[in-house]
Amino acid sequence: MPLPKVSEARELSDEKLAEEIIAVKRQLFQLRLQKATRQLEKPHQFRHARHRLSQLLTVEGERQRAASQPTKEEK
């Protein structure tokens, strides 16, 4: 399974982006729980989930920084 592309995350709306972040954090929690109980069958899922979370948080941060920067008219 290939890693997701950051361009896919940039296409999401703000609401969908926030929902996706929560979903990936929940998935990571479930993976940690499975690992602790020795039920984890696919350890590569950790890497994919962490990679996706970092992409989503990066896009969210970019949008927050872009929203907080004053435009040319405001200067």
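Reply: A term to begin with: helices here are DSSP runs of H or I with at least four residues, numbered from the N terminus. The model is a predicted one, and in it helix 2 is followed by Arg38, whose phi is positive, near 60°.

Me: What kind of residue has that positive phi, glycine or other than glycine?
Reply: Arg38 is a residue other than glycine, and its phi is near 60°.

Me: Where does Arg38 lie, and why does it count as exposed?
Reply: Arg38 lies in the loop between helix 2 and helix 3, and it counts as exposed because its relative accessibility is 79%, where the cut-off for exposed is over 50%.

Me: And Thr37, where is that found?
Reply: Thr37 is found in the loop between helix 2, which runs 14-36, and helix 3, which runs 44-68. Thr37 has 45% relative accessibility, so it counts as partly exposed.

Me: What lies 3.0 Å from a polar atom of the Thr37 side chain?
Reply: That is the backbone oxygen of Leu33.

Me: Changing topic, which residues make up the largest nonpolar core?
Reply: The largest nonpolar core has eleven residues, namely Ala9, Leu17, Ile21, Val24, Leu28, Leu31, Phe46, Ala49, Leu53, Leu56 and Val59. Helix 2 and helix 3 are the elements that give two or more residues to this core.

Me: Which residues of helix 2 are buried, and what covers them?
Reply: The buried residues of helix 2 are Leu17, Ile21, Val24, Leu28 and Leu31, and what covers them includes helix 1 and helix 3.

Me: How about helix 3, which residues are buried there?
Reply: In helix 3 the buried residues are Phe46, His48, Ala49, Arg52, Leu53, Gln55, Leu56, Val59 and Gly61, and their cover includes helix 1, residues 6-10, together with helix 2.

Me: What is Leu56 in contact with, leaving aside its neighbours within four places in sequence?
Reply: Leu56 is in contact with Ala9, Leu12, Leu17, Glu20, Ile21 and Val24.

Me: How many residues does helix 3 have, and what does it reach from first C-alpha to last?
Reply: Helix 3 has 25 residues and reaches 37 Å, close to the 36 Å expected at 1.5 Å a residue. Helix 2, with 23 residues, reaches 33 Å from its first C-alpha to its last, close to the 33 Å expected.

Me: Last topic, rings: how many aromatic pairs does a search of the whole structure find?
Reply: The search of the whole structure finds zero aromatic pairs.

Me: What sits over the ring of Phe46, then?
Reply: The charged end of Lys35 sits over the Phe46 ring, 5.6 Å from its centre.

Notes
Residues are numbered from 1 along each chain as its sequence is written. This is a predicted model: local features need pLDDT of at least 70, side-chain atom pairs count only at pLDDT 80 or more; totals for chains, interfaces and linings use all residues. Side-chain values use heavy atoms; hydrogens and water are left out. Buried means under 20% relative accessible area, exposed over 50%, partly exposed in between (1.4 Å probe, protein chains only). A polar contact is a pair of N or O atoms within 3.5 Å; within protein, one must be able to donate a hydrogen and the other to accept it, and residues adjacent in sequence count only if both atoms are side-chain atoms. A nonpolar core is a set of buried Ala, Val, Leu, Ile, Met, Phe, Trp, Tyr and Cys residues joined through side-chain atoms within 4.5 Å. Contact means heavy atoms within 4.5 Å. The expected span of a helix is 1.5 Å times one less than its number of residues. Rings of Phe, Tyr and Trp (its six-membered ring) pair if their centres lie within 6.5 Å; planes under 30 degrees apart count as stacked, over 60 as edge-to-face and the rest as tilted. A charge sits over a ring if NZ of Lys or CZ of Arg is within 6 Å of the ring centre and within 35 degrees of the ring normal.
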